[in-house]
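User: Hi! I'm new to reading protein models, and I'd like to walk through this one with you.

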Amino acid sequence: MWLNNILETIGNTPLIKLNKITKDLPATVVAKVDYFNPGNSIKDRMALKMVEVAEQEGKLKPGGTIIEGTSGNTGMGLALAACVKGYKCIFVTTDKQSKEKADILKAVGAEVIVCPTNVLPDDPKSYYSVAKRLAREIPNSMYMNQYDNLANRLAHYESTGPEIWEQTEGKITHLVCTAGTGGTITGTAMYLKEKNPNIKVWAIDVYGSLLTKYFRTGEIDMNEVHPYISEGFGEDFVPQNYDMHVIDHFEQVTDKDGAVMARRIAKEEGLFCGYSAGSCLQGLMQLKDSLKAGDVVVCIFHDHGSRYVGKIYNDQWMMERGFLDVKTFKDIVNGRANQKLVTVTPGHIVSEAVELMKKHDIEQIPVMQGNELVGSLSESGLFQKIFSNPEIKNAKVSSVIEHAYPVVDFVTPVEKIGNLINKENGAVLAKDEKGEYHIVTKYDVIQSLAK
């Protein structure tokens, strides 16, 4: 048996029970893991539906160009459809999105244009405005507009909703889904509520999005809008795909909590998911007191973690934003009560360096020429040289100098520092925010990890 093309693999993704993170909840929690779609995201469903509807309505003609503003996932779905159906693609995205997403779109033949994130939707430089302009200027093209194109939510009404209903045998009591274009949550909720109006639908939003306040008050308050790091959900306007009547509650999640939870899902559940999956489950955990025994909760896990390896799955990226609580070079230095770095110059006498080691009870000394690191001295190295030739103690440091210590970033994780320290290299240096050097030795690392 074979399929006619890749588009026939879209949908029928698995429901997978979560066992560890949700073990203390009274309800059964399952994830609709839509990274099993060929484009590794739930957006494949609506991308194909938008193309099919556009073809039926005569808006997309043979040899035409598909234009869309996308954070990456919708673009991937559209690109797959375009490959099979013979269309060109131009995608406009923001500089907030991960590099991996843009690279993947290019790999499947799309042209990608990057626009600034921190501009209003009606700004000529916004990715919404650029996409609309291109559609006006390029002959035989169509701006798909996933935000206001109701084929978006129709896709989930026709596929995602029915699949969840059948997979849970109608036992679903709660649907939890991040809120972006509105298509997934609205279309799925419309179908499920037709089957059972008592099903609760919880939308997960991010701080910096105006959707939560709009849901609660009906007011579009631009004062709610501010930059956020979370990807794939949250909006600075209200897309037409929303029908707030089928949503029961909006819950906001911080950038940090969503990122940390995504990493937990990967490590504890074995599901390598994207940013929005972490935020989705974090939102559920914030609402856990509303659950009871016998509830069946379905969380939508939209996309795959491979699109975020340079972001939430990158320790350095996480630490730079204060999202990862790991010990760093800076933490070691801050725990030493501002000890001043002891150094010598190449012109110092070896005996002077030995006396400094005794006085400060240290085994490693950087050798500096002005502000430049030119080498090092170690207690073990000096001992061997002096033992072989006692007169060396009267020589200059330049005659016994050893290689310079590695210099790392001030927020380098302790574990990485430990890998750099070995028999030949007894310490690591880093500059603080003021440009001053600090040193960390193997003993500092051992003490830090022992706390």
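User: Where is the place of Asn241?

Analyst: A quick note before we start: this is a predicted model, where local features need pLDDT of at least 70, side-chain atom pairs count only at pLDDT 80 or more, and totals for chains, interfaces and linings use all residues. Residues are numbered from 1 along each chain as its sequence is written, and side-chain values use heavy atoms, with hydrogens and water left out. Helices (H or I, at least four residues) and strands (E, at least two) are DSSP runs, numbered from the N terminus. With those names in hand, Asn241 sits in the loop between helix H7 (211-217) and strand E9 (249-253).

User: Is Asn241 buried or exposed?

Analyst: Buried means under 20% relative accessible area, exposed over 50%, and partly exposed in between (1.4 Å probe, protein chains only). Asn241 has 0% relative accessibility, so Asn241 counts as buried.

User: Which backbone oxygen does the side chain of Asn241 reach?

Analyst: Leaving aside neighbours within four places in sequence, the residues in contact (heavy atoms within 4.5 Å) with Asn241 include Gln146, Tyr147, Asp148 and Thr181. At 2.8 Å, the side chain of Asn241 reaches the backbone oxygen of Tyr147.

User: How far apart in space are Glu111 and Phe91, C-alpha to C-alpha?

Analyst: Glu111 lies in strand E5 (residues 111-115) and touches Cys89, Ile90 and Phe91, not counting residues up to four places away in sequence. Its relative accessibility is 45%, so Glu111 counts as partly exposed. Glu111 and Phe91 are 20 residues apart in sequence, and their C-alpha to C-alpha distance is 6.1 Å.

User: Which element gives the most to the lining of the largest pocket?

Analyst: On a 1 Å grid over the protein atoms alone, a pocket is an open set of points where a 1.4 Å probe fits, with protein on both sides within 12 Å along at least five of seven lines; lining residues have an atom within 4 Å of a point. The largest pocket is lined by 44 residues, with Ile362, Glu363, Gln364, Thr441 and Tyr443 nearest its centre. Helix H12 (350-360) and helix H13 (379-388) are among the elements giving two or more residues to this lining. The most, six residues, come from H13.

User: What is phi of Asp361 near?

Analyst: Most residues other than glycine have a negative phi. Asp361 lies in the loop between H12 and E11, and its relative accessible area is 71%, so Asp361 is exposed. Phi of Asp361 is positive in a residue other than glycine, near 55°.

User: And what is the relative accessible area of Glu169?

Analyst: Glu169 is in the loop between H5 and strand E7 (174-178). Although Glu169 is not a glycine, it has a positive phi of about 55°. Glu169 is exposed, with a relative accessible area of 63%.

Definitions and conventions
A polar contact is a pair of N or O atoms within 3.5 Å; within protein, one must be able to donate a hydrogen and the other to accept it, and residues adjacent in sequence count only if both atoms are side-chain atoms.
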